[in-house]
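Please keep the structure in view while reading.

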Amino acid sequence: MTPSAPDLRKGDRRPGRIRTGVPFALLLPALLGLAFLLLPLAALLIRAPWHSLPGQLTSPEVWQALRLSLICATSATALSLVVGVPLAWLLARTDFPGRGLVRALVTLPLVLPPVVGGVALLLALGRNGVVGQWLDSWFGITLPFTTAGVVLAETFVAMPFLVISVEGTLRAADPRYEEAATTLGASRFTAFRRVTLPLIAPGIAAGAVLAWARALGEFGATITFAGNFPGRTQTMPLAVYLALQSDPEAAIALSLVLLAVSIAVLAGLRDRWMTAS
C-alpha cells in the first residue's frame, strides 16, 4: 500500500520542512537587524542634497577625486588580473607542499585591518623598507605617497577577492578538458589560454568586478601608505573623510556615488552568489 500524499490544506508537517509561520521571538530581532542595516542608508538618501547634487559632483575637487578613484581602481583591478589569475590557477590546479598555508596567506588581507596592511606596505616598499630601499637606491623609484602607491595599496586589499572567485571557478571546472588539450599536443600554457580561460571567464569577470568595487572603496591602506594629497592620492573615500569636516554636502554626494556603485555590483552579482539553487 503506497503512502498517501500529504494533505496540503492542513500543511505538510513532515520533519525537515519549514513552516510558513514565523515565531514572534525570531521575527522581532530579525526586523530590528534589518532596520539597523537599512536605517543609515535611508538617512543618507533622506539627507542627500538632491537639488545641488549635480553641482557637487561636477565641482573640481569632487571630480578630481572621482577621476583618480576610477583610474586607480581600474589599474588595481588590471594588476590583480595579471598576477591573481595565475595565482588562482596555481592554488587550484597544482599540488605542492604548504599549499594550504599559501592559500591562507593569500586570503589574509580579507580579514587584516586595512591600516595594518598600509603599515606593512610601508615597511616593505617604503623608502627605508625591506624592498623599497633597494628600489630607491638602484632605480630611484619611490612608491609611498604617490599615485602608484595608491594602486599598490588597492591591489593589496582587492586581489584576494579575485583569487578566491577564480580559484572557486577553477575547482568547479572539469580539468579533463585541459588534459585532453595536452594529450593532443598543446602545452600547459596553450591549454590554459585556449581552453581554461574561456571556461572560467564568468568567474574571472565576477572576481574582477568585486576587486574593482573593493579597490574603489579602499581607505585605510591607502591613507597609510599613500597619504591624502588632492589630485595625487586623494581618492573618493579619502575625499569623503576630508569633506565631512568642511563640506558635508560634498561628503554626502561622494557617499552616494560609492553607494550606487556598491548596489550596482551587488545587483550584477546577485545571480551568481545570492540566489539559492
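## Pockets of the predicted model

The lining of the largest pocket consists of eleven nonpolar residues, one polar residue and no charged residue; Ala, Val, Leu, Ile, Met, Phe, Trp, Tyr, Cys and Pro count as nonpolar, Asp, Glu, Lys and Arg as charged, and the others, Gly among them, as polar. The model is predicted, so local features need pLDDT of at least 70 and side-chain atom pairs count only at pLDDT 80 or more, while totals for chains, interfaces and linings use all residues. Residues are numbered from 1 along each chain as its sequence is written, and side-chain values use heavy atoms, with hydrogens and water left out.

A pocket is an open set of points on a 1 Å grid over the protein atoms alone, where a 1.4 Å probe fits, with protein on both sides within 12 Å along at least five of seven lines; lining residues have an atom within 4 Å of a point. A volume is the space filled by probe spheres set on the points, which are joined across faces, edges and corners.

| Pocket | Volume | Largest share of lining |
|---|---|---|
| Largest | About 210 Å³ | α7, five residues |

Helices are DSSP runs (H or I, at least four residues), numbered from the N terminus. Around the largest pocket, α3 (60-93), α4 (99-111), α5 (114-125) and α7 (147-172) each give at least two lining residues. Among the residues of this lining are L79, V106, L121, T155 and F156.

The lining of the second largest pocket divides into seven nonpolar, four polar and two charged residues.
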